[in-house]
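Colleague: I am new to this one. Could you take me through it once it is on screen?
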Amino acid sequence: MARCTTSEHFATSCVRAEFRFAGSDSEVVLAAFDEWGIEETLPRLIGMFGIALWDRELQELVLIRDVMGIKPLYVAQTARGVAFASELGALTEAPGFDATLDSQATLAFLRYLYVPGLSRELTDGSGRQGG
């Protein structure tokens with residue numbers, strides 16, 4: 001796994017005690033991912049977090065946020081690729097970011113308080129109104 005995280009706070013006492021690894025919260029979590037893998041590490045994490053992991057072998061980016069959604073994770077398709085951030089302001093500064101709202105996603109969010117579907121976002125990323 002690559003060493004890329006975006007985090008504000010990890011409650012890593014359980015991981016730290018079980019893994020017996022000293023270091024910053026980010027270092028502990030990355031070492032846990034290396035040792036146990038993503039699937040086994042996630043249930044051990046308690047608290048608010050946003051994590052970006054780049055798997056060098058699979059050439060795959062994995063974005064993770066805490067189960068309660070306390071730490072936001074914003075993701076957008078841009079003209080130059082995919083951008084992600086834990087603050088909306090940072091995301092809007094990404095090169096090629098288009099803030100045009102996707103009307104169907106907006107209505108779904110207002111109805112359900114989330115946007116159903118894996119590939120939907122509030123902006124459609126194409127520069128045109130969604131729907």
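Colleague: How many bridges join β1 to strand β2, and which way do the two run?
Modeller: Six bridges join β1 to β2 (residues 60-65), and the strands run antiparallel. Strands are DSSP E runs of at least two residues, helices H or I runs of at least four, numbered from the N terminus; two strands pair if DSSP finds at least two bridges between them. This is a predicted model, in which local features need pLDDT of at least 70, side-chain atom pairs count only at pLDDT 80 or more, and totals for chains, interfaces and linings use all residues. Residues are numbered from 1 along each chain as its sequence is written, and side-chain values use heavy atoms, with hydrogens and water left out.

Colleague: Which residue of β2 is the bridge partner of G50?
Modeller: The partner of G50 is R65. The two strands form a hairpin with four residues between them, and Q59 in the turn has a positive phi of about 55°.

Colleague: Is β1 mostly covered or uncovered?
Modeller: Five of the six residues of β1 (residues 50-55) are buried, that is, under 20% relative accessible area with a 1.4 Å probe and protein chains only; over 50% is exposed, and in between is partly exposed.

Colleague: Moving to α2, where does that helix bend?
Modeller: Helix α2 bends by about 95° at E35, the angle between axes fitted to the seven residues ending there and the seven starting there. The buried residues of α2 include W36.

Colleague: What lies over the face of W36?
Modeller: R44 does, at 3.8 Å from the ring centre. The criterion is NZ of Lys or CZ of Arg within 6 Å of the ring centre and within 35 degrees of the ring normal.
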